[in-house]
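Hi everyone, thanks for coming.

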Amino acid sequence: MQTKEDTMSNVILFPHCPKTGGTVLKERYMNQNNEFAITDLNHKVDQNTKVIFGHNLKIGHYENILKNKCIYITCLRHPISRIMSMYNFYRTQLFYLNPDSNDIDFYLWFINKDVIRPMFVSKQFEYFLYQHIDHVSWFEDNTLADPFHINDMYLNTMLSWNVESDKTSVDHNKLEQAIKHKQQVEDQNMNITWDRIVSNFDHVFFQHDDIVNIFDNLLVEYDMQMQPWEDMIVTNETKHDLDKHNLEYVNFYNLDDDLKYLVELDLKADIEFYERCENKWKH
């Protein structure tokens with residue numbers, strides 16, 4: 001007997017985590033297909049929509065308003081590669097706003113990255129967490145840990161003052177406690193993101209793979225019958241925009257060892273999240 005689910009049409013939901021390569025997929029399909037809706041552009045979504053794609057796509061929302069079967073697909077990027085992409089992208093934004101801007105060094109950007117735009121969050125697991133419609137209630141019932149103070153390690157409270165010598169120095173005990181607290185909070189919230197959200201996705205692929213071919217094949221697999229813009233196979237606007245200002249793209253290997261340590265420490269939970277996804281979906 002044919003069930004209701006057997007006759008239900010599919011809709012692909014693609015939460016687009018920033019700086020993971022998804023822009024090429026959006027550009028490849030959105031202008032040739034009315035059934036490809038971009039949430040960031042407030043495109044209309046109805047029962048005829050085949051793909052819903054966007055940075056602000058709300059996970060868990062469309063199941064309540066559409067009769068379609070929701071297929072969740074997304075793309076991830078190694079956290080270290082992604083954080084460097086975020087930094088280089090921010091550099092380009094300075095020149096968009098003011099062509100005469102000075103460049104910003106990595107350390108200055110890094111210690112302020114969680115409060116400056118254009119990126120809302122700096123970690124992938126945070127992105128998927130905050131896009132879920134139930135995340136506020138998870139904070140309210142203490143399922144999620146409060147991340148408000150996790151960046152205290154960058155504050156003056158980590159310094160001690162010697163009155164006699166009138167000198168300040170890092171209070172390593174306070175710093176150690178701040179780092180420990182940050183890791184506890186992020187581990188807890190990453191685990192909830194994994195258990196309740198991303199581990200239930202239907203497909204996850206990775207930025208360093210041939211994501212265009214993978215996505216094309218998934219559209220065929222789910223019988224979406226969409227027309228791609230064949231010439232759109234890669235986007236590299238950040239490097240191009242830096243070149244226009246005679247600036248080089250900064251890679252992780254360009255950083256000093258102490259900065260590499262800070263980056264790896266900060267991304268510890270996100271790296272574990274990424275590796276879990278690789279273990280589940282990488283073939």
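Before we start, a word on terms: two strands pair if DSSP finds at least two bridges between them. Helices (H or I, at least four residues) and strands (E, at least two) are DSSP runs, numbered from the N terminus. What you see is a predicted model, where local features need pLDDT of at least 70 and side-chain atom pairs count only at pLDDT 80 or more, while totals for chains, interfaces and linings use all residues. Residues are numbered from 1 along each chain as its sequence is written, and side-chain values use heavy atoms, leaving out hydrogens and water.

Let's look at the sheet. Isoleucine 73 stands opposite histidine 203 in strand 7. Strand 4, residues 69-76, pairs with strand 7 in the parallel sense, over four bridges. In total, five strands make an open sheet with parallel pairing, in the order 2-3-1-4-7. Strand 2 (36-38) and strand 7 (203-206) are at the edges with a single partner strand each, so one side of each has no neighbour in the sheet. On average, neighbouring strands here are turned by 20 degrees against each other, direction ignored.

Now the helices on that sheet. Contact here means heavy atoms within 4.5 Å, and axes are lines fitted to C-alpha atoms, for helices over the stretch in contact, with angles from 0 to 180 degrees between N-to-C directions. Helix 8, residues 211-221, lies across strands 1, 2, 3, 4 and 7, and runs at about 160 degrees to strand 7. Helix 11 (residues 268-281) also packs on the sheet, where it touches strand 4 and strand 7, and its direction makes about 110 degrees with that of strand 7.

Helix 11 has another partner: its axis and that of helix 5 come within 8 Å and cross at roughly 80 degrees. Who makes the contact? From helix 5 it is Gln124, Phe125 and Phe128, and from helix 11 it is Ala269, Asp270, Phe273 and Tyr274.

On to the pockets. On a 1 Å grid over the protein atoms alone, a pocket is an open set of points where a 1.4 Å probe fits, with protein on both sides within 12 Å along at least five of seven lines, and lining residues have an atom within 4 Å of a point.

How many residues line the largest pocket? There are 35, and Lys19, Gly21, Thr23, Arg77 and Thr235 lie nearest its centre. Helix 3 gives the most to this lining, with five residues.

The second largest pocket has 23 lining residues, with Asp114, Val115, Phe148, Ile150 and Asn151 nearest its centre. Two or more of its lining residues come from each of helix 4 (106-112) and helix 5. Helix 4 supplies the largest share, three residues.

That's my tour, and I'm happy to take questions!
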